[in-house]
Amino acid sequence: MNTPLTAWIDGIGFLAPGLQDWAAAAAVLRGESGFTAAASVLPAPAILPPAERRRASRVVKLTLAVGLEAAAHAGAEVAQLATVFSASGADGHNCHALCEQLAGDDRQISPTRFHNSVHNAAAGYWGIATGAMAPCQVLCAFDASFGAGLLDALAQVVVDQQPTLLIAYDSEYPEPLFAKRPVPDVAGVGLVLSPRRSERSLAAITVTPDTAAAATLTDPAQEDLRTTIPAMRALPMLKMLANGEWGSVVVDYLPPMQLRIDLIPA
Amino acid sequence: MTPLSLSAYTATTCLGRGLEATRAALRTRRSGLAPCAFETVLLDTWIGEVAAVDAEILPKSLAAYDCRNNRLTQMGLETDGFADRVREAISRYGKTRVGVFLGTSTAGILQTELAYRRRDAATGALPEDFIYRTTHNSFSLAEITRDYFGLEGMAMAISTACSSSAKVFAAAARQLELGSIDAAIVGGVDTLCLTTLYGFASLQLTSSQPCRPYDAARNGISIGEGAAFALLERSDAASAGSVLLLGTGESSDAYHMSSPHPEGLGARLAMEAALRSAGLTATDIDYINLHGTSTPANDAAEGKAVAALFGDNVPCSSTKGATGHTLGAAGAVEAVICALALSDGFLPGSPGTQTLDPAIPIDYQLQGRASRMRHALTNSFGFGGSNCSLILGVAE
């Protein structure tokens, strides 16, 4: 009685160290341009009013960048999309500041710091910025967070017949937490997943449990990105999409469970 | 949605460990709240602390998970025979076919708060024994649960602040509907920590008295902790009288990070979606377990949404005056309270609440009473404008 976890990919957003958007990432994944490691560049979110724009944290800028890019690519109305945010951690800098203050004598923390500490902070700002009142999911599965997000986003598409924007993203902790959780920088991927094929559709995606090892990337710098930032476990799939290669690829989920992704051209 | 069976369930809060203690407290309108004496916290507030959490010992194989939140997770799993029922489900369906969907707001952040007091004086490094993944990380409660049962399938933590462990029911229901799993462990665990105690105090949202949901003089929450779990399965074989999950509804306020939409618009959308999902109308609901945190803004906004949809025709209560606000565990705790209400035929009252707010025109129940109910709705709303409503019922 298994119903396949399947959808149409209508749009892609991307941001990672040295790769400022999906166009840049696709060119590198096609081998058309070289990949030079550099710190992630976060665009100022034009969707926010100027005061909010200045105050926006790195995870808020990151999720707005990849989410809005994916929605624009899909020609989708952001306010209508259900969303699934999946991240291995919340705002690391904010978390560090709170823990540092709570370890000291003055524990009167800032209320803004507190409400920004929730795992769903970026999702909350997304709603405020876009006006989306649709369901908004916020997940964590440590290194398996991309796979968890994909599983729930596809389930929403199939069961609720609702176009859904998956935003898988991660950010870094400063020291001393960095030593315990060494995510090197911010990175994220956005996918607009739709129950119906449209002229915007790029490919059909179907996800099935598997136990095979995940595909790796031959370029050591790209492989490093895949293994050090959980959201980048999506890279083998994105490489196929960038190259217009169709077929199956396995990505990491939660050992021993892996996800086989089948891609068919639209 | 296709109804699902809650084939086992359990809750542990400041009311006590397990269903019997919870039931007895609700029947006698007892509150588990007490003045805050948690850790080194100096705040004039009341809390709902679970007794003996730190006496819980994790087995050697799970030692890396040791922290207050995971001690309470194990305590919860080993209550009311819940773990045995899960093991039976695993033997029926297999290790890859039982999913784990657990909600939390802060997981084991207390472990990190404590580690920050033990940083190396010279380097600032955290102590060797601090393990981020299995304590601090939001996934840790789901991962320990997966490992506890030796599961090999789907697992995820949902962290949408105070709606977290209501939303796990919706996420698990989707996967059960698709047939990607045959059973799901759903629930929520949140434990007391400095971040939430000082954080809610910084927002001036904690009360210096036991919280009084929907009271005219309500002035803030009492933070609690808790662990609640349910085993969800398809309901084909559910026997008469067993509790079913009938509908789920999710929405976003798109309004403010820490204040609800003043008209309760997002709350109303979630309740409407849950009714649609269950194929029911407002007149079918016999009891509403309100989010009812006891802040002036939350209860006013939720009250408007409930009044708009249900008028004053449906008995409502918030049980947070009994349990405190268990944050990321609240959705699951209150789903279990609804399951008890439905199966016992006892509609819970509202410890702490004395004088109802006359500005909120709903049928709020101060005292518990016997009542036959077919359908109960429970609300959970969180920071970031995250809303979730669940509808539970009884199998005919």
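Where does A:P176 lie in chain A? A:P176 is found in the loop between β4 (164-170) and α8 (177-180) of chain A.

## Basis of the report

This is a predicted model, in which local features need pLDDT of at least 70 and side-chain atom pairs count only at pLDDT 80 or more, while totals for chains, interfaces and linings use all residues. Residues are numbered from 1 along each chain as its sequence is written, and chains are lettered from A and ligands numbered from 1 in the order in which they are written.

## Cis peptide bonds in chain A

The bond joining A:E175 to A:P176 is a cis peptide bond, with omega about 5°. Another cis peptide bond joins A:P255 and A:P256, and its omega is about 0°. A:P256 belongs to the loop between β7 (247-254) and β8 (257-265) of chain A.

## Two helices numbered α10

A residue is buried if 20 or more other C-beta atoms lie within 10 Å of its own, exposed if 12 or fewer do, and partly exposed in between, with C-beta atoms placed from the backbone. Helix α10 of chain A (residues 235-243) is largely enclosed by the rest of the structure, because 7 of its 9 residues are buried. Among them are A:L235, A:P236 and A:M237. Just after this helix, A:G244 has a positive phi of about 60°.

Helix α10 of chain B (residues 296-310) has 15 residues and reaches 21 Å from its first C-alpha to its last, close to the expected 21 Å; the expected span is 1.5 Å times one less than the number of residues. Its buried residues include B:N298, B:D299 and B:V306. They pack against α9 (265-278), β11 (287-289), β12 (315-317) and β16 (375-382) of chain B. B:G311 follows the helix and has a positive phi, near 60°.

## The contact between the chains

Two residues are in contact if their C-beta atoms, placed from the backbone, lie within 7 Å. The contact between the chains takes 56 residues from chain B and 55 from chain A. On the side of chain B that touches chain A, α7(B) gives the most, with 6 residues. The residues of that side divide into 22 nonpolar, 23 polar and 11 charged. Here Ala, Val, Leu, Ile, Met, Phe, Trp, Tyr, Cys and Pro count as nonpolar, Asp, Glu, Lys and Arg as charged, and the others, Gly among them, as polar.

Strands pair if DSSP finds at least two bridges between them. A:L139 has B:I158 as its bridge partner in β6(B).

## The nonpolar core

In soluble globular proteins, nonpolar side chains tend to be buried together. A nonpolar core is a set of buried Ala, Val, Leu, Ile, Met, Phe, Trp, Tyr and Cys residues joined through C-beta atoms within 7 Å. The largest one has 235 residues, and B:V336 is one of those with the most contacts inside it. Helix α12 of chain B (residues 330-344) gives the most to this core, with 11 residues.

B:E39 has a positive phi of about 50° although it is not a glycine, and B:E39 lies in the loop between β3 and β4 of chain B. B:E39 is partly exposed, with 14 other C-beta atoms within 10 Å. B:S294, with phi near 90°, counts as buried, with 30 C-beta neighbours inside 10 Å.

Technical notes. Helix = DSSP H or I, 4+ residues; strand = E, 2+ residues; numbered from the N terminus.
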